[in-house]
Amino acid sequence: MDLHELERDEILNTCGAAETVTLKPGEFLFREGDEARFLYVVKSGTLRVMSGSTVYETLRAGSIVGEMAIIEAEMPRSANVIAGTYAELAAIDLDKFLALVSNAPSFALTVMRVITRRLRVMNQRYRSGHGA
């Protein structure tokens, strides 16, 4: 689930001075097992969420990634995220995330929807792969 353009702009404005991360094609945003401190909003470009050779999802402008890092502190990254094209992302730390939840409650709902959608996709892949 992507953020709608208006919602994305509102969130990026609420973040204020959120650090912008730029990646070239083939560069990693993070790797599985890395320490996690940020959630990212994709401002432009495409990225792939992968583990090994399995691509879990392709992210585009408006997507969020790294949400588990904000919600489940002290846990390492659970997948690799690599840029497929030139990409720009806004890095959101815990303080900015909490401000977003307070000032733009729809953002919290969007994050929950992203997590549940990703869980459903993984459940479906698991069932399909194990004949359940």
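Strands β3 (residues 39-44) and β8 (residues 87-92) run antiparallel and are joined by 5 bridges. One of the paired residues is S44, whose bridge partner in β8 is E88. Helix α3 (residues 94-103) packs on the sheet, where it touches β3 and β8. The direction of α3 makes about 85 degrees with that of β8. The model described here is predicted.

The sheet that holds this pair is open and has 4 strands. Their order is β1-β8-β3-β6, with antiparallel pairing. The edges are taken by β1 (19-23) and β6 (64-65). Each has a single partner strand, so one side of each lacks a neighbour in the sheet.

A further open sheet, also of 4 strands, has the order β2-β7-β4-β5. Its pairing is antiparallel. Strands β2 (28-30) and β5 (54-59) form the edges, and each pairs on one side only. From one strand to the next, the twist averages 30 degrees.

The mean pLDDT is 85, and 86% of the residues reach 70 or more. Strand β2 has the highest confidence, at 98. The lowest is in helix α1 (residues 5-15), with a mean of 63. Where pLDDT is low, predicted coordinates should not be read in detail.

The largest pocket holds about 560 Å³ of space. It is lined by 23 residues, of which V49, E67, M68, S78 and R118 are the closest to its centre. Helix α4 supplies the largest share, 6 residues. By class, the lining of the largest pocket comprises 15 nonpolar, 2 polar and 6 charged residues.

The second largest pocket has a volume of about 230 Å³. Its lining consists of E35, A36, R37, A69, I70, A73, E74, M75, P76 and L94. Of these residues, 7 are nonpolar and 3 are charged, with no polar residue.

Terms used. Residues are numbered from 1 along each chain as its sequence is written. This is a predicted model: local features need pLDDT of at least 70, side-chain atom pairs count only at pLDDT 80 or more; totals for chains, interfaces and linings use all residues. Side-chain values use heavy atoms; hydrogens and water are left out. Two strands pair if DSSP finds at least two bridges between them. Helices (H or I, at least four residues) and strands (E, at least two) are DSSP runs, numbered from the N terminus. Axes are lines fitted to C-alpha atoms, for helices over the stretch in contact, and angles run from 0 to 180 degrees between N-to-C directions. pLDDT is the predictor's confidence in each residue, from 0 to 100. Contact means heavy atoms within 4.5 Å. On a 1 Å grid over the protein atoms alone, a cavity is a set of points where a 1.4 Å probe fits but cannot get out, and a pocket is an open set with protein on both sides within 12 Å along at least five of seven lines; lining residues have an atom within 4 Å of a point. Grid points are joined across faces, edges and corners, and a volume is the space filled by probe spheres set on the points. Ala, Val, Leu, Ile, Met, Phe, Trp, Tyr, Cys and Pro count as nonpolar, Asp, Glu, Lys and Arg as charged, and the others, Gly among them, as polar.
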